[in-house]
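Subject: Structure handover

Hello,

Here is the structure I promised to pass on. Please open it alongside this email; my notes follow below.

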Amino acid sequence: MALSLKVPSVGLIFWPVGTGDSTTVIVDKKRWVQIDLHHLVAAEDDDDDRVPVVDRLLELAPKLTGKPYIAAFAATHLDEDHIKGFANLLKKATIGELWFSPRVLHSNEDNKDLCADAKVFVKEAQRRINRIADGKTAGSGHRILIIGEDDLLSESPYSELPAECFTAPGEFFTTLDGEDLSETFQVFVHSPKKGDGDDDRNDLSLGMQIMISDGDTRGTFLTLGDLAYPDVKAIFKRGKYGELLWSVFQAPHHCSRKVMYWQDTDDDEEKRKKDVLDLIEDHADEDGAWIVASCDSIPSSDKPGDNPPHKAAATAYKAIVDSGNFLVTGDNAPDPRVFEFGDDGLELRAPAAKPQPKSPQGKRLSEGAAAAGGFSSSGHGSLVGFG
Amino acid sequence: MSATSWQKRAIAQLRAIEAATDGGLEVVDVLEPAEIGDQLKAFISVRCDNIEQTTDGIRYREREEFEVRVPAFFPYRRPSLYVSHRRWRGRPHVYASGYVCIYQAESEWQPSRGMYGFISRVDLWLERAAVGSLNAADVAIEPPVTTVRAETLVVAREDCPEVTDKPWLGYAELAVRDGRVDIVGWRTTPSERAAPAILLTDRMGPVFPAYVEGLLDDLAERGVPHGRIFQTLIDGAQLRDRSQPMWIVLGTPMRRAEDLSALQHLTVWEISPAMADALSVARSQADDAGEVAELRKSVQDSVIEWAETAKVSWCEVSEDRPEIVTRRDDRSPVADAFLGKRVVVWGCGAVGAPAAEWAVRAGASEVVLYDKDKVSPGILVRQPYVDEDVGLYKVDCLARRLEAIGRATVTANRKDLLASALLSDDWHDNADILIDATASASVRLRAEEANRFRPAPGATLAMMVGHDAERALAAVIPAGYPGLAEDVFRAAKLRACADKRLVGFADEFWPDHPRADLFQPEPGCSDATFRGSAVEVAGLTAILMRDAAPRLAVADHQAHAIFTALPSVEHPGTNHAEINVDASVRLPDSAGAYEIRLSATARKSLGKLMRQHASGAHPDDETGGVLFGRRDEIVDVIWIDEVGPPPDDSVSSPTRFDCGVKGVAEAVDQARKQSRDETGYIGLWHTHPNCDAVLSLVDVDGMFGLVHGHEDLPEALMLIVAGSARAKRAAAYVFVRDRAITTIAPVIVPLDRGQAAASSR
């Protein structure tokens, strides 16, 4: 579907790519950070609401020596809904550096269920690692940043990589593709926790607070990949307020209920975890806060075993932000959700047309209570015949 | 899981609403209680973006989440609503604890509608809160939260002094008893029975500091520096009763008055005796030296450590300040009548004892009790005494009971009224309201006599109960009415005997024949009394007091009699009636010691007869007739109840009236029968159309003839009326057999309003 988009000078773009993540952080006019990718071939069809995101990136991204340039590509984890389309992007654009967790580096046997694009990502990561380990200059297009701890990293060739190739939860960095942007850009790392090849990929997702600033004003974007309740809660309990503050929060795992519904070892069934919702709410920026769910429209109900998005999660998030500030990428397709950084920090750019809510309208409580309680507020609305 | 079936029903109802609202309400979680009896918590998410919102109201999110706490005994106990966020704090009806007040009164909760009604109420609240139409004046400013740790209960009784532009530092006067301290006044100088008091001009936070250090800092921020606080603490510690802890009263303007201005919310901080002792010696002295100086330093260090680390012990404070607490009987005429009044109660039995207690509860400030009897076991059935009281004087027991209410000073008199109070000049004890609950004719008569010479300054309420406690009668005599209960009961009897609607009461209180079935609980050796339970007698007494109350509060020349019967009583006529008794015209006895009371009825009849005569053939002739009434030699009062027309065989001329006899005997007989012997022949009246109401020789001759010629008439009254029907005046003369009238000094009294008094004295 054709799309005309005015790209903000600094800001965020959440692409409507179905239920999957494709988020672009526009650090400045020259530098974009792409977090995850979900390019659906079906989206290339004009009749499809969803955006063929790689095409858009190639079209709109800054150009470096005539070639689309992505300063950094962060793979929160290598599930298909986060990496699909990477091979095409890598082929047609310059990707300055790759950000990924050590989970990516486990042997192919551990990664045997990876999709083709994920395998390309692993291969590219290994290429860059080997190149750097060989002592070659790690310029743009060859850089890596391994985020997180893993015993694997003590082995060759990882042990031969310089320190600037690593960071871990609790640390922050301000460089992007070799350039220090400490005046305007900072990434605080929250996850992954230390793991190994046996861990579920979701549980070792990258989690980051990305702060963009002009010196006076700041805007913060918090993304936690596909983490679920225990890790989300641990991050909020562990971090300091400023490291967790968010203007925009990406609903983890495409608005999954697993963020706030969980069966702890002591529990005999799954329970709603209000504590994590309170923690998320407590860190919302008082000057303006949005939650973005990168998924298709929210279903009208949840059934056991349903994949995300989940209505239960959407219901919870709607109570955390001001009315209208819970956004679903699928509701606005084919237009992406665009946040522009300005004097007031990150602000949602008004959509071209007000999206029609796809969730149920909902009756007023008194009507429902009257109906449920056996009291009709209006009586029968038409003739009632009897034989 | 320990949810009760009632709590499960609540959840089922919530689920039904969830299904019916199509996403408008979602039950997002249910936390069952850990133990039976605990609350169940249901978390609901409510769609709010379909509610009209204005800038004055709460700004909702697309969905808002609430915690509904469902008690174990739902719906017999109502659920409550909470929010966990702080966005709405400070809004009307949202408390610091997150509690959302959606019901102003418990009575608004409808158990039968259960969660359906509750959620409808939530919806109404959301609708009003969204447009800012929840009235802040409906509720007081939320009192701050303190952690109560001290065991002392503090009752605030006296209104706070005015706090204007700076904190008020002074002292609260205390009344201390076991485990309880009452604030009974405010003063600017310290004393042994006063606690330091700090009343702020600025509000504190919704939760008061738990630690001394935090409290001191909060006070400093509000204009009371640390040094000043310590000075106050030390002064208070030095002066306090050392056997007690030390209390510091802290006021913050966090309560709302009716006019929306802020009133002081009082909290009380308790300091242990040991720490108060340390504070009392903490101030350095100029002559400190050597060991004393070291000791002082050690004490000061301990005080500093205490101030930095100790927790604040807050006392529970119960409010009784008039500026805070609206009396629960506000707007009741009973409170209007009794509030702040001195009340004297004669008789502490089944009528008087509850009446005295109700007077105290209605705000009487002083109560004087009279009863000479002791408590016997039999009266426990219906009088408010206890077994331990048996053998003790009723007044002492009742006084103790009334004093325990803590609102009035009570004086108990065990003396026989007739032999004590009613013999004294201030027989009425300067009562604002005198309650005669003796049902004693003797007391009533003696009071009537005493009242003649030293009128009661206040109002009087006399009550009596019928023989089976199904009917009761009261005389309500406002200040200014010329007469007491005897007077009003006479009028009530006459009216009841003449009015078919009141015949049931006439039969009860003035039966044609003396009641033969007297009830003597202990035959042969106890006074006769009525049969009936505490319920009936209290019910009747309550009705009489309630109806009398508006009449007791204002001075008037009209008294009232109240007849009442229990609603279930079936008797001829009405079950409840109030009759007005207009003041009689009082005439002195120009020939002796009686007081003659010409009733309003008699006065009207007099005017009517005089008009008829004036329009007749011989208006200049005298006219006259028979006087009906009662002469009471005990109180020396003659009541003229009615005047009769001239008998047909009377002879009159401009200078003489000879009262005939035709029909007189029949009229007298009828009057006596109808009034059940209350009224009868007492003398004659005649007019002086051509001169004043002065006794003539003809009059003297006639009256002497009357009292000497009739065996059953040793005394007779002559009423001479002068003037016109509209402007008549009269003088009364009582002739007594074998007693010469030596001094004739008539006092002529105008009978009609606006007429100047005349006297030929």
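Chain A has a radius of gyration of 22 Å. A compact globule of 387 residues would come out near 21 Å, so the value for chain A agrees with that rule. Bear in mind that this is a predicted model. Along the principal axes, the C-alpha atoms of chain A fill a box of roughly 90 × 50 × 45 Å.

Some further numbers for chain A. The secondary structure comprises ten helices and 22 strands. Of the 387 residues, 57% are buried. Take the contacts in chain A with a separation of 6 or more: 65% of them join residues 24 or more positions apart. The accessible surface is about 16400 Å², and carbon and sulfur atoms hold 47% of that area. On charge, chain A carries 66 negative side chains and 43 positive ones. The centres of these two sets lie 3 Å apart.

Confidence next. The predictor assigns the complex an ipTM of 0.83 and a pTM of 0.71. For chain B, the mean pLDDT is 90, with 96% of residues at 70 or more. One stretch of chain B falls below 50, namely residues 755-761. Beyond near neighbours in sequence, that stretch still has 18 contacts in the model.

Now the backbone. Chain A has a cis peptide bond from A:Ser156 to A:Pro157, with omega near 5°. A:Pro157 sits in the loop between strand S8 (143-147) and strand S9 (166-167) of chain A. Another cis bond runs from A:Pro308 to A:Pro309, with omega near 5°. A:Pro309 belongs to the loop that leads from strand S19 (290-293) to helix H9 (311-318) of chain A.

A:His254 is not a glycine, yet its phi is about 55°. This residue lies in helix H7 (residues 252-255) of chain A. Is A:His254 buried or exposed? Its relative accessibility is 1%, so A:His254 counts as buried. B:Ala439 also has a positive phi, about 55°, without being a glycine. B:Ala439 is in a chain B loop, between strand S16 (433-436) and helix H10 (441-453). B:Ala439 has a relative accessible area of 48%, so it is partly exposed: the cut-off for exposed is over 50%.

How many residues of H9(A) are buried? Eight of the eight are, so the helix is largely enclosed by the rest of the structure. The buried set includes A:Lys311 and A:Lys318, along with A:Tyr317 and A:Thr315. Alanines are among them too: A:Ala312, A:Ala313, A:Ala314 and A:Ala316.

Helix H8 (residues 274-282) of chain A has these buried residues: A:Lys274, A:Val276, A:Leu277, A:Leu279, A:Ile280 and A:Glu281. What do the buried residues of H8(A) pack against? Within chain A, the partners are helix H5 (229-238), strand S16 (248-250), strand S18 (271-272) and H9. From chain B, strand S2 (40-47) and strand S3 (63-70) join in. The buried residues of H8(A) therefore pack against elements of both chains.

Best wishes

Key:
Residues are numbered from 1 along each chain as its sequence is written. Chains are lettered from A and ligands numbered from 1 in the order in which they are written. This is a predicted model: local features need pLDDT of at least 70, side-chain atom pairs count only at pLDDT 80 or more; totals for chains, interfaces and linings use all residues. Side-chain values use heavy atoms; hydrogens and water are left out. pLDDT is the predictor's confidence in each residue, from 0 to 100. Contact means heavy atoms within 4.5 Å. Helices (H or I, at least four residues) and strands (E, at least two) are DSSP runs, numbered from the N terminus. The radius of gyration is taken over C-alpha atoms; the globule rule is 2.2 Å times the number of residues to the power 0.38. Buried means under 20% relative accessible area, exposed over 50%, partly exposed in between (1.4 Å probe, protein chains only). Accessible areas come from the Shrake-Rupley method with a 1.4 Å probe; for residues, only the protein chains shown count as cover. Lys and Arg count as positive and Asp and Glu as negative; His and the chain ends are not counted. The place of a charge is taken as NZ of Lys, CZ of Arg, CG of Asp or CD of Glu.
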